[in-house]
Amino acid sequence: GKMPPPAPFDLHPPSGAPSEPQMQGRAAQPPPQQQQQVYQWGGASGYVPPAQQQVQVPQGPQPLANVRRRFDFVHYLQTTHPYGVGVVLGVGRGEFALHMVRSWTTSPGLYLCDPYIHIWQGYDSVDNLSDKEHQYRFEDMRNLLAPYEGRYMLVRDFSYSFAKTYKAETQQPQPAMVYIDANTAYGAVQRDITDWWPLVSRSGLLAGNEYTAPGVAQAVNEFAQQNRLQVGVTPD
């Protein structure tokens with residue numbers, strides 16, 4: 001029910017640089033007509049610039065121009081949110097998390113959230129390891145992150161629980177990126193999107209993985225249609 005200890009990274013951008021807005025005063029749901037909407041899935045992303053075109057209800061996932069794979073998201077963020085903070089939900093072996101910590105060089109840091117425990121119900125996945133195996137993976141992840149000390153905060157928590165504590169901490173900046181790679185069950189994906197979308201900064205990126213997994217596409221497409229967002233995809 002509490003935020004982790006203060007992040008080791010400096011949340012204040014260099015003098016003269018734009019800062020990310022804090023959570024205090026954040027609207028519960030960002031109005032689509034006022035926000036550049038970036039909504040990606042399946043290692044996929046899409047965006048609709050505000051006031052440039054009328055947003056249409058998406059008819060299906062579309063390719064995203066200039067983004068060939070999910071690792072390219074960092075180029076978008078370097079340009080639009082050079083001093084933004086990122087959140088990765090579902091770290092696992094850490095391939096994507098490590099890439100973002102290494103490559104988003106202007107960001108003060110990222111929150112990497114994963115409970116690293118066995119889920120007894122509602123999570124049918126080969127990644128649902130035993131508690132012992134999860135602990136080994138957690139220790140491996142800490143070792144891999146060691147060279148980047150000061151640029152990340154490893155949070156052992158569930159994605160939905162961390163959303164509540166992040167929102168309650170009003171001095172936290174709005175995340176410029178939230179990447180969801182957690183439980184792929186329909187209800188879990190729906191909850192993660194609903195919980196985290198209102199927290200994403202203006203022109204920020206809501207991203208995710210495994211679009212083809214059962215339940216993921218349904219949850220993503222329903223949310224996109226309800227909020228008149230364009231869904232984009234990448235091959236990976």
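**A helix pair and its sheet**

Analyst: In this predicted model, the crossing of α5 and α6 is right-handed. The contact is made on the α5 side by Tyr186, Val189, Gln190, Ile193 and Thr194, and on the α6 side by Val216, Gln218, Ala219, Val220, Glu222 and Phe223. Sorted by class, the residues of this contact are seven nonpolar, three polar and one charged. Helix α5 covers residues 186-196 and helix α6 covers residues 216-226, and the two pack at an angle of about 35 degrees with their axes 8 Å apart.

Helix α5 also lies across strands β4, β7 and β8, where its direction is at about 175 degrees to that of β7. These strands belong to an open sheet of five, ordered β6-β5-β4-β7-β8, in which the pairing is parallel. Because β6 (152-155) and β8 (205-208) stand at the edges and have a single partner strand each, one side of each is left without a neighbour in the sheet. Neighbouring strands here are turned against each other by 15 degrees on average, with direction ignored.

Within the sheet, β4 (residues 86-89) pairs with β5 (residues 110-113) in the parallel sense over four bridges, and valine 88 has leucine 112 of β5 as its bridge partner. Another helix, α2 (residues 95-103), lies across β4, β5, β6 and β7 (177-180), and runs at about 170 degrees to β5.

Note on methods: Residues numbered from 1 in each chain as written. Predicted model: local features only at pLDDT ≥ 70, side-chain atom pairs only at ≥ 80, totals over all residues. Heavy atoms only, no water. Pairing = 2+ DSSP bridges. Axes fitted to C-alpha atoms, helices over the stretch in contact; angles between N-to-C directions. Contact = heavy atoms within 4.5 Å. Left-handed = near helix turned anticlockwise from the far one by under 90°. Nonpolar A, V, L, I, M, F, W, Y, C, P; charged D, E, K, R; others polar.
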